[in-house]
Amino acid sequence: MRKPIYVTMPTLAPLEEVNELMQGIWESGIMTHNGPLVQRFEKEVCEYLKVPQMVSCCNGTLALQMAIKAIGKQGEIITSPFTFIATISSIMWEHCTPVFVDIDPKTLDIDASKIEEKITCHTVAIMPVHVFGNNCDFEAIDAVAKAHNIPVIYDACHSVGATYKGESVFKQGTISVTSFHATKMLNTAEGGGIFTLNKEIDEKLRRIRFFGFENHADIVEDGFNGKMTEAHAAIGIANLRYLDKALEDRKEKYARYKEILGQNPEIAFQKITTGCNYSYFPAIFKDEEIALKVVAALNAENIFPRRYFYPSVNTFTKLVPYVPMPKSEDIASRILCLPLHVRMSMQDIEEIAELTLKTSK
């Protein structure tokens, strides 16, 4: 039997490049507390993305919490039901209430035309999700937000390398948040990044990340320990050198999958908006029965796709009251993300696509 092929694997720099950076940590004895490698990682990411500033932290979920905390208000946050649970848990941990707006079943992003009707006097933020690195409708969302003077926090956890009008998507919104988890296009093993063009918010985020301290002297914010370690930053610095290659590799493999699976008109694909980073390959089948049939066939060959995102998070009734989101629930029941990562060969892609094609007919 073939070696397991998982839905995703980390893009990793050669170990010797990481070890060289780790050696410096051992020599300096500095492991954390905004050390030199964390500062270097932030600087190099900003230079690569051509953004003015980034606050790194220990994971993407905490990055979302920090963004909400930086807004400084508690109330309702409008978001998508088609996302990972971290989007919702970060809202709830900051004592806010998620309010769902159903998705556009083609782009899989929040339906921007339905946001305004969910705005109330209790709305404190809008948190759209760039699903699978596919950009939301920035213009429509920002127009609504400005009309009601509501901040926008973009959950861009899938979006390293995604662009809008030739610039990083992290320049959009009041705050934009990404993840450097091992499965993401750029990883630090675990980590997160928060971007804003607002210098005051950036400074506030840095205080929140370090217990709320101002200049290590006085507590001026309700903060916590959100610091990235030097070891994680070292991994990120090394991996950043290979991001361009990883992005191009994803795009080529995505295109080959679509070329083969497009032979079945009953398999639908995410409508790609300009600037997507192709970080995942979602395929949408005619119904759940066929999707599960494909899962079984691939698993039998030691291939492990994943039902991203299943179930639709509005159905987690132990956390939130159930509100029907028919489009999200429908897509969630019959979507699969097929394996897509730098360790796969084009032959792997073709074999998986052919088996999926055969099974789905």
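A salt bridge is here a side-chain nitrogen of Lys or Arg within 4 Å of a carboxyl oxygen of Asp or Glu. The model shown in the following close-up views is predicted, and the count under this rule is 20 salt bridges.

View 1. Glu-42 counts as buried because its relative accessibility is 7%, under the 20% cut-off. Through shared partners, salt bridges connect Glu-42, Asp-202, Arg-206 and Arg-209 in one network.

**View 2. Arg-2 forms a salt bridge with Glu-351.** The closest N and O atoms of Arg-2 and Glu-351 are 3.0 Å apart. Because Arg-2 lies in the segment before strand E1 (5-6) and Glu-351 in helix H11 (residues 346-360), the pair ties together parts that are 349 residues apart in sequence. Both partners are partly exposed: Arg-2 has a relative accessibility of 28%, and Glu-351 one of 33%.

**View 3. A salt bridge between Lys-286 and Glu-266 connects two loops.** The side chains of Lys-286 and Glu-266 meet at 3.8 Å, N to O. Lys-286 is in the loop between strand E14 (281-284) and helix H9 (288-299), whereas Glu-266 is in the loop between helix H8 (243-261) and strand E13 (268-269); the two residues are 20 residues apart. Glu-266 has a relative accessible area of 43% and is partly exposed.

**View 4. Strands E13, E14 and E16 form an open antiparallel sheet.** The order of the three strands is E13-E14-E16. E13 and strand E16 (335-338) are the edge strands, each pairing on one side only. E13 and E14 run antiparallel and are joined by two bridges, and Phe-269 stands opposite Ala-283 in E14. H8 packs on the sheet and touches E13, E14 and E16, with its direction at about 20° to that of E14. Helix H10 (residues 326-334) lies across E14 and E16 and runs at about 50° to E16.

**View 5. Helices H9 and H11 pack with their axes 9 Å apart.** The angle between H9 and H11 is about 135°, and the two helices are therefore oblique to each other. The crossing of H9 past H11 is right-handed. H9 contributes Ile-290, Lys-293, Val-294, Ala-297 and Leu-298 to the contact, and H11 contributes Ile-352, Leu-355, Thr-356, Thr-359 and Ser-360.

**View 6. Helix H4 (residues 85-93) has buried residues covered by other elements, including helix H3 and several strands.** Ala-86, Thr-87, Ile-88, Ser-90 and Ile-91 are the buried residues of H4. Their cover includes helix H3 (60-71), strand E3 (76-79), strand E4 (97-100), strand E5 (123-127) and strand E6 (153-155).

Terms used:
Residues are numbered from 1 along each chain as its sequence is written. This is a predicted model: local features need pLDDT of at least 70, side-chain atom pairs count only at pLDDT 80 or more; totals for chains, interfaces and linings use all residues. Side-chain values use heavy atoms; hydrogens and water are left out. Helices (H or I, at least four residues) and strands (E, at least two) are DSSP runs, numbered from the N terminus. Buried means under 20% relative accessible area, exposed over 50%, partly exposed in between (1.4 Å probe, protein chains only). Contact means heavy atoms within 4.5 Å. Two strands pair if DSSP finds at least two bridges between them. Axes are lines fitted to C-alpha atoms, for helices over the stretch in contact, and angles run from 0 to 180 degrees between N-to-C directions. Angles under 35 degrees count as roughly parallel, over 145 as roughly antiparallel, 65 to 115 as roughly perpendicular and the rest as oblique. A crossing is left-handed if the near helix is turned anticlockwise from the far one by less than a right angle, and right-handed if clockwise.
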